[in-house]
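Please read the points below with the structure open beside them. They are meant for someone who has not seen this model before.

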Amino acid sequence: MGRESKGISRRGLLTGGAAIGAAGAAAAAAPKHDGELGAPPQAIRGEVPWIEGAADAPPQAMSGKGYVWFTGAEGPLIEAIVDRLIPPDPTGPGAVEAGVPVFIDRQLAGPFGQGQHFYLGGPWPKGTPEQGYQSRFTPAQFYRAALKAIADHVFKAYGGLEFKSLQPDAKDKLLKDLEAGTVELPDGVDGKAFFTMLLQNTKEGYFSDPIYGGNRDMAAWTMIGFPGAHYDYRDWVSRHNERVPFPPVAFKGRPGWTAS
Amino acid sequence: MATTLKPVDAVIVGFGWTGAILGQQLCDAGLDVVALERGPWRDTATDWATTFAQDELRYMWRHHLFQNVTYDTLTIRNNTGQDALPMRRLGSFLLGTGVGSGGVHWNGQIWRFLPSDFQAKSHNAQRYGKKAVTDYDLTVQDWGITYEELEPHYDKFDKLCGTSGKAGNLKGQIQPGGNPFEGPRSDEYPTPPMAQTYGPTLFGQAAANMGYHPFPHPSGNLSQPYVNPLGCQIGECTYCGFCEKFGCGNYSKASPQTTVLPYLMRKPNFLLRTESEVLRIETTADKKMATGVTYVDSSGQEYFQPAGMVILSAYILHNVRLLLLSGIGGQPYDPKTGEGVVGKNYAYQTTSSVNLFFDDKLINPFIGAGSHATVIDEFNGDNFDHAGLGFIGGGYIGGMITGGRPIEMIYTPQGTPAWGLEWKKAAAKNYLRSFALSIHGACMSHRGNYLDLDPTYRDAFGRPMLRMTFDFTDNEHKMSDYLTAKAAGVAKAMNPREIKVNGRKGSWSVVPYQTTHNTGGAIMGDNPKASVVNKYLQLWDVPNVFSMGAGAYPQNAGYNPTGTLAALAYHSADAIKAQYLKAPGPLVQA
Amino acid sequence: MRRALALAAVLALGTAGIAAGQDQSRAPSAPAFSPFNLLSRPVPPGQAQLERGRQLAIQGDCAACHTRDGGEAMAGGLGMNTPFGVIYTPNLTPDAQTGIGQWTPDQFYRAMHEGKDPQGRFLYPAFPYVYFTQISRADSDAILAYLKTVPAVNYTPPANRMPFPFNIRALVWGWNLLFFRVHDFQPDPSKSAEWNRGAFLVTGPGHCAQCHTPSNILGANETGKPFRGGYLDNWLAPDLTANSRTGLGGWSQGEIVEYLKTGRNPRAQAGGPMAEVVSYSTSLMSDADLNAIAAYLKSVPASPGATAASPDPGAMKRGGEIFSDACASCHLEAGKGQPRFFPPLGGDNASQQANPGSVIHFILAGGRTASTQSRPSPLTMPSFAWKLTDQQIADVATYVRNSWGNSAASVSAHDVARLRGKLKLGTSPPTANSGDRG
């Protein structure tokens, strides 16, 4: 004999029986405001709420190597660019082998790509550098426009070649020009702003938890010596100038968790 | 059409640190209290558990715990000659939202301001002449309160959090190992200081050799388990390196969730409403009394919550905006005339850093905590002679390691490109052998730095956004140059292979993260012509509205603001309980 | 444009709200009283019978079962899983239509003492009359008098969901014949007054055996195995006997009292269903009563120890690695925990029960420590359901059950999969904050 299991605990999160129905019905159409994106309003009194088993856990691990957002030539172009941003060498993996293009693809397909946590309302006059991102585009729209603009620019400037076919020096030269804002891309695309976003996303994919599709096998963490999601260093705080022996661990573990 | 709800004694607008403190204080006094929080409920084990809290991408770079600017942001510009444009992406500061708000994702740095900080105008004018506080169009003011008045309330907050540290001044007696410059403390810290890793230890040794007085940073990441006076339990820090911008998974960072809510949420006279955003404060027709607040919840329903008292405890930018939208608090500030008070004296924090790179020393920067640092206070406030320096104010310098999160915190030497093979090799070579000294400086108020309502941009509810007009002044630049040079001096004395100085140059930019220490706009003072609230944080013009938080700071000191805003909240709560409830009305006669 | 759209959404919703009717405009409500707020409300001064009734309502832990999720304390409606089906607890508030407002002291005593409702029909033994039968008539009257003073709530619990033939109440007659004896509490004159008080609280109102004694297929206590631990509702209520490994043999009387009063002691923390027992019942009892309970429990003879086969070294190795990364930040490498914050696992009796159900349950679903007046923090273990596979949970559970001197049967991935299915934790329920997909 025991309590009926309802999937939520007693006195769970959704206190107020009347509220659940009303809020549930309204949630789909609720105005999304202020980061909460339609979570129903709650009234809470008397106890700290808790739902058994609940977790605001990260997304399920990304699987597969194919692209879901990049189309046609975009994938090869991204691969060729990030391969120069973080090239492979004996020090550690390059961005491509670390899975950065897959990471960026999944990010652009998801809430980041759709401009979550970006304010995109107008008007959109040109701002000062201090005013930061002033585009009306979501990151996904920005990538789409910028990749096409870069491809078109290369085609024109290098006699019909694709970026991936350029010599490494020529690739780096173009990327440096984008970084410095000295190359004018077609269709008014802001190459410098795009480079800033792409470099940031590349480092994100390189160093974030492998659950997001990049940092394959935690190789980027291994390269620098970062133990990843390890949570407890109390025994090592006062051990100065020693190498901490913990192998990197990701949210979903490490090889030692499953080795037979 | 708003639905009118059952009246309550007090409504709390925003449920972070000050909302939680006022909720606890007023409920314990027997008041019927409703708190309105625009964000969701969230708690340790479900929303930033040890199982996934260490997610740099999701929390730092995708802003998962922060205000979502998609629906509401502010507009920004450096001066009145520019058009303010929306802050389309969080950067320079990371606004909180949700239950606990910034108290969830702060570093836990718990400081007290210096006694002289509260008399920034009169003290500096007396020591350096009147010009020192009016140069560069500074609009520095005294606070209308003294350190001595606040001390018992600082102590309460320390005991709430279980702050880890070492006193430097116990009842006037200077203590070895602590900060000799601090104001007298009535009691030692509740828990001993945090242990220090190699980097901060090296800083402390070098600083001591130079004749400075290094001490462990006072910390809301606790050195040992602690039970506070409410019975709430704060755990022992594991130095995981995910504090700032993250929630703490094992209960070891002081936050509303760890220190107050377990107690407060049990109260039958306390009700929390989440996903409920206050649109404005309602008043009587003559604007002399507030009648309650109007809010809208995430189902789109609008409500009027009548209340005997309104406690504004949202973040400073939202408190100021609500005052402006509601037409209370006094006249909006006008930088042309210098008249008006609401939005006046917006200030920030002046930060810089020095990176150190070693060949022979393993720093292991991933072992860190939000307040894990050894610091010196020789160059803060008026702890040093400013004669001839051309600025007032100062800051602390610390060998600080909050963590080694690799997307944000890989340091490479001067001249290293930002990408390519050279960058990668530098990252691999230096990650374990580098860290940074932090310089955390004051920001004086200035005639041209202020907050008002934007004429163009509106939020999802059709309300004008807040407009921020801000830039660092020559006072800040000179101060920062001076402090950064001092830090570089200590850095060199630590004998690294090389250093890299990241000075505070040019105009304030919204892009790189600096610090979420926005202050002013609803400042406190001793008269309604120069301030919005009195020393009890009570509005001069609408005495049943109290405006909490760092918005009350007439200018910002060289310390992190949370300790002082918490002390001011306790001070205000005491006055409400001891005086206001017995005789509602102005607590200070104008 | 986006701003305009958002605004339009607000307006559109406003209209929809009106169209959908009045309910849409009602603000979310929360119960006026949580169980401990209701039970800790003082009765009017000088009302000795009401105070006695309040104490007995606390001792009987009435609120834990007679309060549904998000419902008013004592208004009933919680579904109880029984071998016979789902039974919904009745409304105990004095509402005349839906509660017990019209019950007479005779009727109430008959329910408590004989397990029959005012119409004389058999009550299902989910209601612990098997234990409450020992409550005296005066005490029963006091409980009813107290219940009649709590705020009346007009609420009708759902109808029971019981398949044939269990919906035939007369079957309970047979059950009672086998497992129930109407009787009063009989003190043992050879024992101290404290022990007798404890015996009454534990075997009478406290109805501890309902969970902590193994039950047979019909849900009744197995004979001859008092307090050796029972499994119900996907939890293992641990052995309370003097067994030093699986029971309370190593606990001092003071440690038992601290646990019951605050929800924690240096050895253990009350989690799972016991967290509610502590929050709504034992933490509100007097120190004298808690000492009496502890004195009685310390006298329960030890259960026979079971020897477990040695665990698979591979499982131990993998489990140890998982433990170090995923568990040690709170429970520490040596499994020694942080007393009263995060429970030690080495030497922990709850971890070493023959049935690993609770260990698996805690790892899958998480669990939180009781919130009590003196220690309100509901320190909570997070759910690992999304993070660890069934095999990983089995390995780390096996490791915990067989490290630092612990010894208990290994856990299999199959055990974990079965409980994961029952708890519906194939995917984790989201939190309110999960809406933000930034």
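1. A:I44 stands opposite B:L272, a residue of β11(B). The strands involved are β2(A) and β11 of chain B (residues 270-273), which pair in the antiparallel sense over two bridges. Strands count as paired if DSSP finds at least two bridges between them. Helices (H or I, at least four residues) and strands (E, at least two) are DSSP runs, numbered from the N terminus.

2. On the source: this is a predicted model, in which local features need pLDDT of at least 70 and side-chain atom pairs count only at pLDDT 80 or more, while totals for chains, interfaces and linings use all residues. Residues are numbered from 1 along each chain as its sequence is written, and chains are lettered from A and ligands numbered from 1 in the order in which they are written.

3. The contact between the two chains takes 81 residues from chain A and 86 residues from chain B; residues are in contact if their C-beta atoms, placed from the backbone, lie within 7 Å. On the chain A side, the elements that give two or more residues are α1 (17-27), β2 (43-44), α2 (74-85), α6 (191-207) and α7 (219-224). Of these, α6(A) gives the most, with four residues.

4. What does the side of chain A that touches chain B divide into? It holds 43 nonpolar, 21 polar and 17 charged residues. Here Ala, Val, Leu, Ile, Met, Phe, Trp, Tyr, Cys and Pro count as nonpolar, Asp, Glu, Lys and Arg as charged, and the others, Gly among them, as polar.

5. The largest nonpolar core has 287 residues, of which B:I12, B:V13, B:V310, B:I311, B:I397 and C:I393 touch the most other members. Helix α13 of chain B (residues 562-580) gives the most to this core, with nine residues. Such a core is a set of buried Ala, Val, Leu, Ile, Met, Phe, Trp, Tyr and Cys residues joined through C-beta atoms within 7 Å. A residue is buried if 20 or more other C-beta atoms lie within 10 Å of its own, exposed if 12 or fewer, and partly exposed in between.

6. Strand β15 of chain B (residues 350-357) is mostly covered, with eight of its eight residues buried. B:T350, B:S352, B:V354 and B:L356 point one way, and B:T351, B:S353, B:N355 and B:F357 the other way.

7. β15(B) runs antiparallel to β18(B) (residues 434-441), joined by eight bridges, with B:T350 partnered by B:G441. Five bridges join β15(B) to β21(B) (residues 498-502), also antiparallel; there B:V354 has B:V501 as its bridge partner.
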